[in-house]
Amino acid sequence: MLSLRKIKGASMYPVMAENDYIVINHLFWQLNAGDIIVVDHPIYKKIIKRIMATAKNGDLWLRGENTGSVTPEKMGWIKTQWVKGKVIYIINS
């Protein structure tokens with residue numbers, strides 16, 4: 001299943017700017033370092049970040065593209081069940 005979502009904020013700038021659109025694939029089989037994902041974080045709610053690393057237990061270490069983004073240390077390790085989709089296309093506004 002695919003969905004379209006409008007970007008709010010600048011945490012992924014310059015890869016994605018505010019008001020750009022992304023196409024999200026909600027049916028994914030594998031997540032790798034470098035993938036951009038949508039996460040339902042318990043503190044930060046819906047966020048879009050890039051995977052930096054994967055732990056042996058499958059947890060993910062994420063970062064934003066912008067230096068003003070929430071740091072990986074503040075987000076902590078991300079549980080795979082929090083992942084809501086994988087960004088497969090960016091539509092620049």
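Is tyrosine 89 buried or exposed, and what is its relative accessibility? I looked this up first. Tyrosine 89 counts as exposed, at 52% relative accessibility; buried means under 20% relative accessible area, exposed over 50%, and partly exposed in between (1.4 Å probe, protein chains only).

Basis of the entries. I note that the model is predicted, that local features need pLDDT of at least 70 and side-chain atom pairs pLDDT 80 or more, and that totals for chains, interfaces and linings use all residues. Residues are numbered from 1 along each chain as its sequence is written, and side-chain values use heavy atoms, with hydrogens and water left out.

Strand S6. I placed tyrosine 89 in strand S6, which spans 83-91; strands are DSSP runs (E, at least two residues), numbered from the N terminus. S6 pairs in the antiparallel sense with strand S2 (residues 21-25) over 5 bridges, where pairing requires at least two DSSP bridges between the strands. Valine 87 of S6 is the bridge partner of isoleucine 24. With strand S3 (residues 36-41), S6 also pairs in the antiparallel sense, over 3 bridges, and valine 83 of S6 is the bridge partner of valine 39.

Nonpolar patch. I found Leu2, Leu4, Tyr21, Ile88, Tyr89 and Ile91 in a nonpolar surface patch with about 600 Å² of accessible area together (Shrake-Rupley method, 1.4 Å probe, only the protein chains shown counting as cover). S1 and S6 each give two or more residues to this patch, and S6 has the largest share, 3 residues.

Arginine 5. I located arginine 5 in strand S1 (residues 2-6). Arginine 5 is partly exposed, with a relative accessible area of 32%.

Terms used
Helix = DSSP H or I, 4+ residues; strand = E, 2+ residues; numbered from the N terminus. Patch = residues over 30% accessible without salt bridge, like charges linked within 9 Å, V, L, I, M, F, W, Y side chains within 5 Å. Salt bridge = Lys/Arg side-chain N within 4 Å of Asp/Glu carboxyl O.
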